[in-house]
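Work through these exercises with the model open beside you. Try each task before you read its solution.

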Amino acid sequence: PALAVELEKDDNFAITTTNSTMIDFLCMNGKRAPFDDVRMRQAISLLIDRSAITDNIYLGYASPTSNILNYSTPFYKEFPVEYDAEKAKELIKEVLGDEKTTLTYLIQQDNTEQKAEAELIASLLQGVGIDVTIESYDWATIKEMMANGDYDLARAQQGLSNMEAITIFKRFMYSTGDQNVNYSLGVNDTEIDSLIDLADAELDLQKRQDIYDKLQEISVERQPVLPLYNERTLMVYNKKLTGYEAQI
């Protein structure tokens, strides 16, 4: 976004945007304390001002969200994006008491936006007595560390190439889902598994939507991952091109 805005200062260029299929989120190690406690996951979600991230780091070219589904799918349900630092402090106090803790936060190296996000989130956590160590690696190393459970927070993203919501639910919320396992999310719930199995077998679109709505509600409440924002497809083009519009 910063480069696009800089280019737009030249009268030869303009910006066009559309909804992207990419969603950006924080993974939390749900297999160990403190994120094995749903209250801690909820607290971090409430503590992060997503609008501050999208406005200041992405210059408005992103859409805050609390839903694990990307807004490009027709099954997407809108939920309010809550920001409540005081409620977050109460939940953290319930989980940690007076215990001091340090969290390891993984980001991809040479990614200036992720670094800026991490620094902002680390400052918010420091304000409630939690220290954060930010570590940057290549993505292959990060994935290995996550699979081994050697992290607390990690920045990741996911596309939704075919618009079918079952892909995300299976990967991130099913007990044996590949990203649930590979990212050490620790989701293991027979109710969720049953709902996903029902949705996968349901051919009636309205009934399928009803099940997806329930799964989305569960994801917002339990935060298997912490959604930050939906991306925007952002294109800069030369004004010599006419009728040019970004496509999903």
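Buried means under 20% relative accessible area, exposed means over 50%, and partly exposed lies in between (1.4 Å probe, protein chains only). This is a predicted model, in which local features need pLDDT of at least 70, side-chain atom pairs count only at pLDDT 80 or more, and totals for chains, interfaces and linings use all residues. Residues are numbered from 1 along each chain as its sequence is written, and side-chain values use heavy atoms, with hydrogens and water left out.

**Exercise A: a buried serine**

Task: Find the helix that holds Ser 219, then list what Ser 219 is in contact with beyond four places in sequence.

Solution: 
- Step one, the helix. Ser 219 sits in α10, residues 205–222. Helices (H or I, at least four residues) and strands (E, at least two) are DSSP runs, numbered from the N terminus.
- Step two, the side chain. It reaches the backbone oxygen of Gln 216 at 2.8 Å.
- Step three, the contacts. Contact means heavy atoms within 4.5 Å. Leaving out neighbours within four places, Ser 219 contacts Asn 67, Ile 68, Met 173 and Pro 224.

**Exercise B: two loop residues**

Task: Classify Phe 75 and Gln 223 as buried or exposed, and place each in its loop.

Solution: 
- Step one, Phe 75. It lies in the loop between β2 (62–64) and α4 (85–96). Its relative accessibility is 11%, so Phe 75 counts as buried.
- Step two, its surroundings. Not counting residues up to four places away, Phe 75 touches several residues, including Leu 69, Met 163, Leu 205, Tyr 212 and Gln 216. Take Gln 216: its C-alpha atom is 9.6 Å from that of Phe 75, although 141 residues separate them along the chain.
- Step three, Gln 223. It lies in the loop between α10 and β6 (225–238). At 2% relative accessibility, Gln 223 counts as buried. Beyond four places in sequence, Gln 223 touches Met 28, Arg 41, Ser 45, Ser 66 and Ile 218.

Task: Which helix holds Glu 119, and which side chain does its own side chain meet in a polar contact?

Solution: 
- Step one, place. Glu 119 is in α5, residues 112–126.
- Step three, the partner. The Glu 119 side chain makes a polar contact with the side chain of Lys 115 at 2.5 Å. A polar contact is a pair of N or O atoms within 3.5 Å; within protein, one must be able to donate a hydrogen and the other to accept it, and residues adjacent in sequence count only if both atoms are side-chain atoms.

**Exercise D: two packed helices**

Task: Describe how α9 and α10 pack, and name the handedness of their crossing.

Solution: 
- Step one, what to report. Two packed helices are described by the angle between their axes and the distance between the axes.
- Step two, the values. Helix α9 (residues 190–201) packs with α10 at about 150°, and the axes are 9 Å apart. Axes are lines fitted to C-alpha atoms, for helices over the stretch in contact, and angles run from 0 to 180 degrees between N-to-C directions.
- Step three, the orientation. The angle makes α9 roughly antiparallel to α10. Angles under 35 degrees count as roughly parallel, over 145 as roughly antiparallel, 65 to 115 as roughly perpendicular and the rest as oblique.
- Step four, the crossing. It is left-handed. That means the near helix is turned anticlockwise from the far one by less than a right angle; clockwise would be right-handed.

Task: What is the phi of Leu 59, and what is the phi of Met 163?

Solution: 
- Step one, the background. Most residues other than glycine have a negative phi, and most peptide bonds are trans.
- Step two, Leu 59. Its phi is positive, about 55°, and it is not a glycine. It lies in the loop between α3 (50–56) and β2.
- Step three, Met 163. Its phi is also positive, near 70°. Met 163 is in the loop between β5 (153–159) and α7 (166–172).
- Step four, a peptide bond. The bond from Ala 33 to Pro 34 is cis, with omega near 5°. Pro 34 is in the loop between β1 (13–28) and α2.
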